[in-house]
Amino acid sequence: MKITNVEAFWLRCPIPKEKQHFSDYGLLTNFDMTLVVITTEDGLQGFGEAKAAVGSSGVCASIVSCIENELKPILIGKDAKNINRLWEEMYNGTRDHYALTRGRRFPILGRRGLTISAMSGIDTALWDLKGKVLGVPVMDILGGACREQMPAYASGGWADVAHIGEQLNGYVAKGFQAVKMRVGVMDQTVQNSIDRVKAAREALGPHIKLMADAHGTFSVPEAKQFCRGVEDCNLYWFEEPISPDNRHGTAEVRASSSIPIAAGESEFTSFDMRDLLEVRALDVMQPDAAIIGGISETMRVGHLASIHQLELAPHCWGSAFSFMAGLHVAFASPAATIIEFSLGGNPMMYDLVKEHITVTNGVIEAPTAPGLGLTPNWDFIQEFKQKN
C-alpha cells in the first residue's frame, strides 16, 4: 500500500446549452473539478475530488499546483492505509511530529482555503483505495450503513415566478418527494424571492418537502424579511441565508424564525462547523467532502451533528466522486436522513464515470461496490483535461 504517485487533473467540460441555467453566479456554461488520482506500488488507484468553488465553475490550477508541489512530496513512499496519520501530516506540515506526539494540531498557515480543498481530494482518494483493498464500500469502513436506502432531494429550481411550479413539478414527476429551489439576489428583490417560494408551494401542494437556498446572498435584514414572508410555506430548510463570513448574523436569522437553517458547504474543516454550532447558527449541517477536508472531516462533522442532535445533509453539488463521498458518509451517519441530487446540467456526474448513478422513485440505495464504487472514463478525462 505504499504510495508511488499522486496526480491532479483540472477538468473543464462545457454544459450543453439546453441544460445551462442562470443564477447569482451568472450563466453557468462550464463545469469544473479537480480529479485526484493516487497510485500504489501494486498499481491500485484511488480517486477523489477537490473543488476550487462551491458552484459549478472555478479555476482549479492552484489546487493542481498545491497537490503536485506541496502535498505529493509528503505522501510519496507513505503507507496509503494510514489515512488519519496522512491527514495530520498534510495539515501540520513540518510540525507534524509535534502534532502526532503531543496529540494536538500545529497547523500550517494554509489551514483554510485551497490547501484544505486539495487535501479533500487526496483524503477521499485514500478512502477509495482502502475500500478497494478490503473489497468493501467506504461506508462499511466508516461503520456500516445506518439504513438500507435514503430519500434524495432534487436540487435545482431557478425558474421565475410564472414557471417555478412547473419546473419543480418536473422533478416530482421523476419520483422526487423533496425539491430545492434557489432564491436571493438573483431575484433582484426579497419580495420576488418570497413570491417564487409561494408559487412553488402552491404548485407542489402541502406534502412535497421544499427547501430554499440563497447562496449566502441576503443581508441579515433581508433574510429576516424573507423568513417572515414564507413562514406559512412550510420550508424544510432555508440554506445559506447570508454570507458564510457572518456566522453571528446566521445565528441572528435562525433566532428570528422557526424555519430550520442549513449551512456548511463553504466551510473548511470541522473546526469551522464547530464555530457555527457555538453561536447556535444551524439546524442542518452541510459539509462538502471536496472542500471541508475529504471523507475524514465530513465524517467528523457527522459526529458533531449526532452529538448536537442536528441533521447532517452533505452538500453534493459536484462530480460523481464528491457525490459518492457525501453519500457514503450520509449512509454511515445516524444524523443524515436525506441526500442532495443535482438536477442541473452536470457532465461530471454522468459522463466522467462509467457507472450510472440512479435515484428510483426519489430513493437511492446504500452503496455496495468496493471503495467509492466508481470507474473513471479516461477518454472523457483526456478530452477535457486543462493545461495549467
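A residue is called buried here when its relative accessible area is under 20%, exposed when that area is over 50%, and partly exposed in between, with a 1.4 Å probe and protein chains only. By that scale asparagine 361 is exposed, because its relative accessible area is 61%. The structure is a predicted model, in which local features need pLDDT of at least 70 and side-chain atom pairs count only at pLDDT 80 or more, while totals for chains, interfaces and linings use all residues. Residues are numbered from 1 along each chain as its sequence is written, and side-chain values use heavy atoms, with hydrogens and water left out.

Asparagine 361 sits in the loop between α13 (347-350) and β14 (363-365), where helices (H or I, at least four residues) and strands (E, at least two) are DSSP runs numbered from the N terminus. The phi angle of asparagine 361 is near 55°, a positive value in a residue other than glycine. Arginine 280 can be read alongside it: phi of arginine 280 is near 60°, again positive in a residue other than glycine, and arginine 280 belongs to the loop between α10 (269-278) and β11 (284-285). Arginine 280 is exposed, with a relative accessible area of 61%.

Tryptophan 237 lies in strand β9 (residues 235-239) and is buried, with a relative accessible area of 0%. The C-alpha atoms of tryptophan 237 and alanine 262 are 6.2 Å apart in space, although these residues are 25 apart in sequence.

Threonine 250, in helix α9 (residues 247-256), is also buried, with a relative accessible area of 5%. Leaving aside neighbours within four places in sequence, threonine 250 is in contact with Pro241, Ile242, Ser243, Ile261 and Ala281. Asparagine 30, by comparison, is partly exposed, because its relative accessible area is 21%, and it is found in strand β4 (residues 30-40). Not counting residues up to four places away in sequence, asparagine 30 touches Arg12, Cys13, Pro14, Ile15, Ser56 and Ser57, and its C-alpha atom is separated by 8.7 Å from that of proline 16, a residue 14 places away along the chain.

The helix pairs remain. Two packed helices are described by the angle between their axes and the distance between the axes. Axes are lines fitted to C-alpha atoms, for helices over the stretch in contact, and angles run from 0 to 180 degrees between N-to-C directions. Angles under 35 degrees count as roughly parallel, over 145 as roughly antiparallel, 65 to 115 as roughly perpendicular and the rest as oblique.

Helix α2 (residues 83-92) packs against helix α4 (residues 114-134) at an angle of about 165°, with the axes 10 Å apart, which means that α2 is roughly antiparallel to α4. In this contact Ile83, Leu86, Trp87, Met90 and Tyr91 of α2 meet Ile116, Met119, Ile122, Asp123, Leu126, Trp127 and Lys130 of α4. By class (Ala, Val, Leu, Ile, Met, Phe, Trp, Tyr, Cys and Pro counting as nonpolar, Asp, Glu, Lys and Arg as charged, and the others, Gly among them, as polar), the contact of α2 with α4 has 10 nonpolar, no polar and two charged residues.

Helix α4 also packs with helix α11 (residues 294-307), at an angle of about 90° and with the axes 5 Å apart, and the two are therefore roughly perpendicular to each other. Ser120, Asp123, Thr124 and Trp127 of α4 make this contact with Gly294, Ile295 and Ser296 of α11, and the residues divide into two nonpolar, four polar and one charged.

Conventions: Contact = heavy atoms within 4.5 Å.
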